[in-house]
Every structure is written in C-alpha cells, then in structure tokens.
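Open the model in your viewer and keep the selection panel at hand. The stops below go from a pocket to a core and then to aromatic rings.

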Amino acid sequence: MDKNKLYKFLLLLIGILFLLVSIILPLGTLFIKTFQNRDGNFIGMSNFKEYLNNPVTASSLKNSFSVSITVTIIVTLLTLIFTYGMVRSKIKWKKILELIALLPLFSPTMSHGTALIYLLGRQGLITKLFKLNIDIYGFWGIVIAEIMYIFPILFIMYSLSLK
C-alpha cells in the first residue's frame, strides 16, 4: 500500500471513530435507556406507553405536529412563490429583496424571537403603529418565528434549483 492510500485510510478511520464516539455511542446509550426504568432494569415499552397515555405529553406531541405541518405548508408555498418571482421575473430591486430574504441568516438564532417580540408583541413597534391586536405568544407566534427561521434556507435551496 502506498503512502497516499495509507493516509486516506487513516483519515477515514479517524473520521469513522470520531463519528462513532461522538454521535453513535451517545445515541445508542440514550436508546437503551428508553427501555429501562430509573433503576436500570429492562421494562420494555412501558416508558413509551406512559408517555403517550399522559394527557399533557400527548397534547404536546399533537401541538408539535400541528405546528410542524402548518409551518411546512406555509413556508414551502411562500418561499416557492417568492423564489419563483425572484428567479423567473424581471422585478425591480431584486438584489435588495434577496438581501432582505437572506438577512435572518446573518443574525443569531435568539435574535429572531427577540425581534418578533419587539415588532409584533403586545408593546411591539408594528402592533402600536398599526393598532393591531396580534397574539404572538401562542401557536401563531411559534409558526411565524419558525417561518422566519426557515425561509432563508429554503430560499437558497429553491433559487439554486430554479436557476
């Protein structure tokens, strides 16, 4: 075996070991713990049954799915229409609109929620300016925040595929 193949093999081996130690082993340990009680005894699917039979956790699961489905439908359609308009038409100020669409990528994740509260909260700028009564502290607030978070990434993907 020549030197280059040996180096490639060693790098591949180091990468696989890193993946094994940093991701697969912790996930495997977590997976095993789901079938054990607090004492470490095997109890099978009882933890899952208890989780799904608890009304609070079952409702949180339902809410998570409804938020996910709503965000997926809205952001997919909104981004597809916006991207199609940006790529396939001669809209004025394309570069400025593209910059505005990509702006959330350049801010830290926590600032999305803070910006949303400052703009649409009970004492928010847009809420006060237009005398709106928007309740962003529930389902629709989470949906709007997720759309703001996902829109730029989807815009990049769609624009690349439409070009």
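Which helix gives the largest share of the lining of the largest pocket? The model is a predicted one, and in it that share, 4 residues, comes from H4.

**Stop 1: the pocket**

Select Met 86, Val 87, Lys 94, Lys 95, Glu 98, Leu 102, Phe 155, Ile 156, Ser 159 and Lys 163, which line the largest pocket. Its volume is about 170 Å³. Colour the selection by helix: H3, H4 and H7 each supply at least two residues of the lining. Then colour by residue class, and the lining divides into 5 nonpolar, 1 polar and 4 charged residues.

**Stop 2: the core**

Now select Val 67, Val 71, Val 75, Met 86, Ala 101, Leu 102, Val 143, Ile 147, Phe 151, Leu 154, Phe 155 and Tyr 158. These 12 residues make up the largest nonpolar core. Helix H3 (55–88), helix H4 (94–102) and helix H7 (139–162) are the elements that give two or more residues to this core. Which of them gives the most? H7 does, with 6 residues. As background, nonpolar side chains tend to be buried together in soluble globular proteins.

Leaving aside neighbours within four places in sequence, Val 71 is in contact with Thr 76, Val 143, Glu 146, Ile 147 and Ile 150.

**Stop 3: the rings**

How many aromatic pairs does the structure hold? There are 6 aromatic pairs. Select Phe 82 and Phe 155: this pair is tilted, at 5.5 Å centre to centre with 55° between the planes. Phe 82 lies in helix H3 and Phe 155 in helix H7, so the pair ties together parts that are 73 residues apart in sequence.

Phe 155 counts as buried, at 2% relative accessibility.

Phe 151 and Phe 155 are both in helix H7, 4 residues apart, about one turn of the helix. Phe 151 and Phe 155 are both buried.

For the last stop, select Phe 31, Phe 35 and Phe 48, which ring pairs link into a cluster.

Key. Residues numbered from 1 in each chain as written. Predicted model: local features only at pLDDT ≥ 70, side-chain atom pairs only at ≥ 80, totals over all residues. Heavy atoms only, no water. Core = buried A, V, L, I, M, F, W, Y, C linked by side-chain atoms within 4.5 Å. Buried < 20%, exposed > 50% of the residue type's maximum accessible area, 1.4 Å probe, protein only. Contact = heavy atoms within 4.5 Å. 1 Å grid on protein atoms, 1.4 Å probe; cavity = no way out; pocket = protein on both sides within 12 Å on 5 of 7 lines; lining within 4 Å. Points joined across faces, edges and corners; volume = space filled by probe spheres on them. Nonpolar A, V, L, I, M, F, W, Y, C, P; charged D, E, K, R; others polar. Phe/Tyr/Trp six-rings, centres within 6.5 Å; stacked < 30°, edge-to-face > 60°.
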